[in-house]
Amino acid sequence: MATSGFKHLVVVKFKEDAKVDEILKGLENLVSQIDSVKSFEWGEDNESHEMLRQGFTHAFSMTFENKDAYVSFTSHPLHVEFSAAFTAVIDKIVLLDFTVAAVKSAVVGAP
């Protein structure tokens, strides 16, 4: 098993009045401006049973080369500014930051 970067995983439940589309655009803009982010994926849960979801609706995943790149990202002025706006619209959040243990990696171009 090889290590394959560092992952920042965020699972959230937005407040009722949150402008989610604006937050998503802001996140996409943020990661496009900061080179230390190798990849960014997000999704909205629409498959889980409410009991299992526990109110959480969105998941965000960022991959970095290593922990130092992640630390650089978190201290970047654009991230600091965006975090304040992001935090203001969050009802519940779970954060997990970890070194990736790659067991089976995605194959580029595979269906």
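These legends go with several close-up views of the predicted model.

Before the views, some ground rules: residues are numbered from 1 along each chain as its sequence is written, and side-chain values use heavy atoms, with hydrogens and water left out. In this predicted model, local features need pLDDT of at least 70 and side-chain atom pairs count only at pLDDT 80 or more, while totals for chains, interfaces and linings use all residues.

**View 1. The whole fold, for orientation.** The protein has four helices and four strands, in the order β-α-β-α-β-α-α-β from the N terminus. Here helices (H or I, at least four residues) and strands (E, at least two) are DSSP runs, numbered from the N terminus. The C-alpha trace spans about 40 × 35 × 25 Å along its principal axes. Of the 111 residues, 32% are buried; that means under 20% relative accessible area, with exposed being over 50% and partly exposed in between (1.4 Å probe, protein chains only).

**View 2. The annotated domain, residues 6-98.** An unreviewed UniProt entry labels this stretch "domain: Stress-response A/B barrel"; such annotations may be inferred rather than shown by experiment.

**View 3. The largest pocket.** About 250 Å³ of space lies in here. Of the 16 lining residues, H8, V10, H79, S83 and F86 come closest to the centre. Two or more lining residues come from each of β1 (2-14), α1 (20-33), β3 (58-64), α3 (67-75), α4 (77-88) and β4 (90-102), and α4 gives the most, with five. The lining splits into eleven nonpolar, five polar and no charged residues. A pocket, on a 1 Å grid over the protein atoms alone, is an open set of points where a 1.4 Å probe fits, with protein on both sides within 12 Å along at least five of seven lines; lining residues have an atom within 4 Å of a point. Grid points are joined across faces, edges and corners, and the volume is the space filled by probe spheres set on them.

**View 4. Helix α4 and its two faces.** This twelve-residue helix reaches 17 Å from its first C-alpha to its last, close to the 16 Å expected at 1.5 Å a residue (1.5 Å times one less than the number of residues). H79, F82 and F86 are buried. They share one side of α4, because they cover an arc of only 70 degrees around the axis, taken from the directions from the helix axis to the C-beta atoms. On the face turned away from the buried side, look for the exposed P77, E81, A84 and T87.

View 5. A69, Y70 and F73 are buried. Their arc is only 100 degrees around the axis, so they lie on the same side of α3. Exposed K67, D68 and S75 are on the face turned away from that buried side.

View 6. Q54 sits in the loop between α2 (50-53) and β3. Its phi is positive, about 55 degrees, though Q54 is not a glycine. Most residues other than glycine have a negative phi. Q54 is exposed, at 52% relative accessibility. K19, in the loop between β1 and α1, is exposed too, with a relative accessible area of 55%. K19 and V89 are 70 residues apart in sequence but 8.2 Å apart in space, C-alpha to C-alpha.

Technical notes. Nonpolar A, V, L, I, M, F, W, Y, C, P; charged D, E, K, R; others polar.
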